Structures are given as C-alpha cells and as structure tokens.
Amino acid sequence: MAQVKAVLLDLGNVLVFHDNTLLFSRLGARADLEAAEVARRLTGAGWTDANRGVLGAEGIRQDVCRALDVDLPMAEFAPLWSSHFTLHDAVLPRVEALLGRVRVGLVSNTNALHVAYLRPLLPVLQRFDSVVMSCEVGHVKPEPDIFRLALAGVGCAPEEAVFFDDLPEFVQAAEAVGLHGRLFTTADAFDAQLEALGL
C-alpha cells in the first residue's frame with residue numbers, strides 16, 4: 001500500500017450525527033402528522049435534486065412543505081430542517097490532529113440548507129485542503145466524479161488517499177475509483193484505522 005498522503009472524510013455520521021427519526025418527528029409535530037408518515041412522504045422526495053444542487057434553499061422548503069401539506073416560512077423551516085444534527089465531539093479532535101500531517105478533505109452528499117447550518121458549527125472545515133459538498137459541485141456519491149474532484153482538491157493520486165464513510169456502498173464506490181476505503185463506525189475504531197495506516 002502506498003503511503004497515505006490524504007484522508008477524505010464523509011460529513012454525516014462522521015463529523016456530525018444526523019437523527020432522521022428526530023427530524024421526521026419534529027416536522028410531523030408542525031404538520032400534524034406521525035413521524036412514520038412524514039418519512040413515507042419524504043422518501044425519494046427530491047433528495048437527489050437537493051443534494052445535487054438542482055434545488056436550492058427555497059426549492060427544498062417548497063418541496064418539503066408541499067409533501068407535508070403545510071406552509072412554513074423560511075425563518076421557521078430552515079432551523080427546523082437542520083435541527084437533527086449534533087457534532088461528533090469525540091472524532092473532531094482526532095481530525096484536528098491530522099491537519100498539517102496529511103492533506104484532509106471532505107466529500108459529502110448534502111444540500112444547501114444543511115451546508116449553511118453546518119459550516120459555522122465546523123470551523124475546522126476552513127482548514128481542510130478540500131471541501132466537496134455535492135450541492136455545490138453537481139455530483140453525488142456514489143458517482144466517480146465527486147471522488148475525482150476531492151482527489152484534485154487534495155492533489156493526490158487515488159492510491160495515496162483513504163476515504164472514510166459510514167455507508168458501505170460509498171466506501172465501495174471510492175474503492176472502485178482506486179482510493180483506499182474504510183467503513184467509519186466509532187471514534188475509537190477510527191483511531192485504530194488511522195494507526196493501521198501509519199497515521
């Protein structure tokens with residue numbers, strides 16, 4: 001295995017946790033719907049368009065409100081739409097420790113509203129060598145181009161980079177492009193994986 005020169009990280013369930021059940025419950029409380037019904041109505045409802053950047057903030061608000069048959073102003077909708085995130089405090093110091101030792105990048109499927117909410121909460125992203133948000137580049141995982149953009153951002157060949165994601169299908173997609181893929185589970189397991197990589 002070539003020396004690892006770059007570590008690429010997913011956002012959701014790596015740097016931040018997202019509790020979709022909580023999100024559906026909170027949306028349901030506003031729309032007078034059960035959480036399970038909210039989940040059913042929002043399944044496949046423009047997620048890819050939002051993640052690809054086809055839908056901006058207002059488009060997301062309109063789509064979700066239409067699906068739930070409720071009209072929430074943006075001032076209420078935006079914080080509600082991102083109310084299910086919490087920082088993964090255990091992993092952030094480990095990521096900080098990588099900065100300056102290897103190139104660090106982010107590769108995330110996300111939408112405009114979540115980016116606007118999370119960037120201020122994660123100032124560490126300003127120190128990353130590359131931040132690839134799907135809604136800003138028009139490509140989503142598992143498409144090869146999103147990984148190629150991330151590699152260009154960190155200036156590494158695929159075999160010089162490792163990618164951590166909590167979803168096996170995205171790990172496999174990264175491996176198909178030639179990256180070393182690792183399934184992210186816990187901060188402690190992340191420690192062990194980095195140690196095994198010589199980091």
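## Thr110

Thr110 sits in the loop that links strand S4 to helix H7. The model is a predicted one. Because its relative accessible area is 5%, under the 20% limit, Thr110 counts as buried. Leaving out residues up to four places away in sequence, Thr110 touches Ala50, Asn51, Val115, Met133, Ser134 and Cys135.

## Helix H4

Helix H4 covers residues 57-68, twelve in number. From first C-alpha to last it reaches 17 Å, close to the 16 Å expected at 1.5 Å a residue. Directly after the helix, Asp69 has a positive phi of about 55 degrees.

The buried residues in H4 are Gly59, Ile60, Arg61, Val64, Cys65 and Leu68. An α-helix has 3.6 residues a turn, so residues three or four places apart point the same way. The cover over the buried residues of H4 includes helices H1 (20-31), H2 (35-42), H3 (47-52), H5 (74-81) and H7 (112-118).

## Nonpolar cores

The largest nonpolar core holds 31 residues. Val7, Leu9, Leu15, Phe128, Phe164 and Phe190 have the most contacts inside it. At least two residues of this core come from each of strand S1 (6-9), helix H6 (92-98), strand S4 (103-108), H7, strand S6 (161-165) and helix H11 (187-196).

## Contacts of Phe190

Apart from neighbours within four places in sequence, Phe190 is in contact with Leu9, Val91, Arg94, Val95, Leu98, Phe164 and Phe184. Of these, Leu9 and Phe164 are, like Phe190, among the residues with the most contacts inside the largest core.

Note on methods: Residues are numbered from 1 along each chain as its sequence is written. This is a predicted model: local features need pLDDT of at least 70, side-chain atom pairs count only at pLDDT 80 or more; totals for chains, interfaces and linings use all residues. Side-chain values use heavy atoms; hydrogens and water are left out. Helices (H or I, at least four residues) and strands (E, at least two) are DSSP runs, numbered from the N terminus. The expected span of a helix is 1.5 Å times one less than its number of residues. Buried means under 20% relative accessible area, exposed over 50%, partly exposed in between (1.4 Å probe, protein chains only). Contact means heavy atoms within 4.5 Å. A nonpolar core is a set of buried Ala, Val, Leu, Ile, Met, Phe, Trp, Tyr and Cys residues joined through side-chain atoms within 4.5 Å.
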